[in-house]
Amino acid sequence: EAQVKVLVLLALSESGSPSYDHALASELVGLGAYCFTCTPRRLVGVMARIMKHQDPGPVIRDGEEAGW
C-alpha cells in the first residue's frame, strides 16, 4: 500500500473563511481525502501530524470548533 494521503485545502487565509462547493467536498471525503479550511498557522500542525503518520483529523476538528 502506498500510504498516500490526499489533502484538499478548501480555503486558506488568515481569517480561515471557508468558501467551497459542499457537494464536491463531500464526494472527495467519501473517497478518503481530507477536505478542510485553515489558516497558515494551523496548516503547519496538520502537516506535522501527517509527516509523523498520525491522523490529522483531530487538529482539523479542533480548528473547526475554534471557528476557522
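**Note on a predicted single-chain model**

1. Confidence. The mean pLDDT of the chain is 78, and 78% of its residues reach 70 or more; the model is a predicted one, and the points below should be read with that in mind. Among the elements of the chain, helix 1 has the highest mean pLDDT, at 92, whereas helix 3 has the lowest, at 70.

2. Overall layout. The chain contains three helices and two strands, and from the N terminus on these elements follow the order β-α-β-α-α. Among contacts in the chain with a separation of 6 or more, 54% are accounted for by residues 24 or more positions apart.

3. Burial and surface. Of the 68 residues of the chain, 28% count as buried. The chain exposes about 4700 Å², and carbon and sulfur atoms supply 53% of that area.

4. The nonpolar core. The largest nonpolar core is made of seven residues, namely Phe36, Cys38, Leu43, Val46, Ile50, Val59 and Ile60. Helix 2, which spans 40–51, and helix 3, which spans 57–65, each supply at least two residues of this core, and helix 2 gives the most to it, with three residues. As general background, nonpolar side chains in soluble globular proteins tend to be buried together.

5. The two ends of helix 1. Helix 1 is followed by Gly32, a residue whose phi is positive, near 100°.

6. Leu31. This residue has its place in the loop between helix 1 and strand 2, the latter comprising 34–37. Is Leu31 buried or exposed? Leu31 counts as exposed because its relative accessibility is 70%, where the cut-off for exposed is over 50%. The C-alpha atom of Leu31 is separated by 9.5 Å from that of Val6, although the two residues are 25 residues apart along the chain.

7. His53. The loop between helix 2 and helix 3 holds His53, which has a positive phi of about 60° although it is not a glycine. For comparison, most residues other than glycine have a negative phi. With a relative accessible area of 66%, His53 is exposed, and a reader checking the backbone of the model may wish to look at this residue together with Gly32, whose phi is also positive.

How values were computed: Residues numbered from 1 in each chain as written. Predicted model: local features only at pLDDT ≥ 70, side-chain atom pairs only at ≥ 80, totals over all residues. Heavy atoms only, no water. Core = buried A, V, L, I, M, F, W, Y, C linked by side-chain atoms within 4.5 Å. Buried < 20%, exposed > 50% of the residue type's maximum accessible area, 1.4 Å probe, protein only. Helix = DSSP H or I, 4+ residues; strand = E, 2+ residues; numbered from the N terminus. Contact = heavy atoms within 4.5 Å. Areas by Shrake-Rupley, 256 points an atom, 1.4 Å probe, with all protein chains shown as cover. pLDDT = per-residue confidence, 0-100.
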